[in-house]
Amino acid sequence: MKILFCSSHEIEPAEWLEPLKKALPGSDIILWNEAIPPQQAELAVVWNPPAALFERETALRAVFNLGAGVDALFRLPTLPASLPIVRLEDAGMAVQMAEYAAHALVRASRRFDDYERLQQAGQWEPLPELDRSEWPVGVLGMGVMGARVASVLAAMDYPVAGWSRSGKAPEGVQAFGGRENLDRFLARTRVLINTLPLTDDTRDLLRHETLSRLLPGAHVINMGRGAHLVEEDLLALLDSGHVAGATLDVFRNEPLPPEHPFWKHPRVRITPHIAAISLRRETIAQVAEKIRAYQRGEPLSGTVSRDRGY
């Protein structure tokens, strides 16, 4: 079986192709670029590939995405409408997202920013103790990532709710489902954590209309996609005081332009799209297992629904 490997990132072939070849003996794995002739390969393993891949490789039967988000693939006009897409389901990312969310939540609820200012002023001043009931958390998205985030924070004794289309949630997490229950979910939430995939339904979901329904003194943690958030609306709510702080890992334009007001806003914390990074060893192992299942003719977990967009 001929398999193409195509990534927009510069890779060290020995770190990616050699482990894949070892995990998939008998497969011909080729590093694709626009200089090579069409290979008539059956499968492709990709991360943010160029449109030319699908123009030239017309024999592909499935594509395996090296990440959980597939919105970059859907933006390609050359992507065949019938081509199955299989995404990563974890590969070490869920625990990283839980760590990121926990760090941002604890930093806000335990007032560690205030303690930093007190240190800089040379002041010894214990602040009031934490009352977790005043910090209800709401997690948008109850897939593998969101469910792990919600479970970890619930185990830390914060009141946690999860919202999704289906209304499912792990044990110990209050469940809200469907658009008809989104307002109730937001109205009980002070710390909003976004882990949703980007679809036509979720684009611009974090806007003035929804964010203003959060409890006063809200905090927003965005680990989904930059296009979920209407940045001007968040800035207005920060300036009004209704939103007290934001921790943002993803942005509409990346890298974030140096003139963007988020950089210098005193209540915004920025990281460069690193909340959850696919770990190479775990990613290769998961992709190889999915390809072996494909070769055996078995149903594949992580197959993307074109109707849902994830």
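Among contacts in the chain between residues at least 6 apart in sequence, what percentage joins residues at least 24 apart? And with which residues is aspartate 71 in contact, leaving aside its neighbours within four places in sequence?

Modeller: This is a predicted model, in which local features need pLDDT of at least 70 and side-chain atom pairs count only at pLDDT 80 or more, while totals for chains, interfaces and linings use all residues. Residues are numbered from 1 along each chain as its sequence is written, and side-chain values use heavy atoms, with hydrogens and water left out.

To take the chain first, 60% of the contacts between residues at least 6 apart in sequence join residues at least 24 apart, where contact means heavy atoms within 4.5 Å. The secondary structure comprises 10 helices and 12 strands, which are DSSP runs (H or I, at least four residues, for helices; E, at least two, for strands) numbered from the N terminus. Of the 310 residues, 48% count as buried, with buried meaning under 20% relative accessible area, exposed over 50%, and partly exposed in between (1.4 Å probe, protein chains only).

Turning to the part you asked about, aspartate 71 belongs to helix H3, which covers residues 71-74. Aspartate 71 counts as buried because its relative accessibility is 13%. Once its neighbours within four places in sequence are set aside, aspartate 71 is in contact with Leu198 and Arg225.
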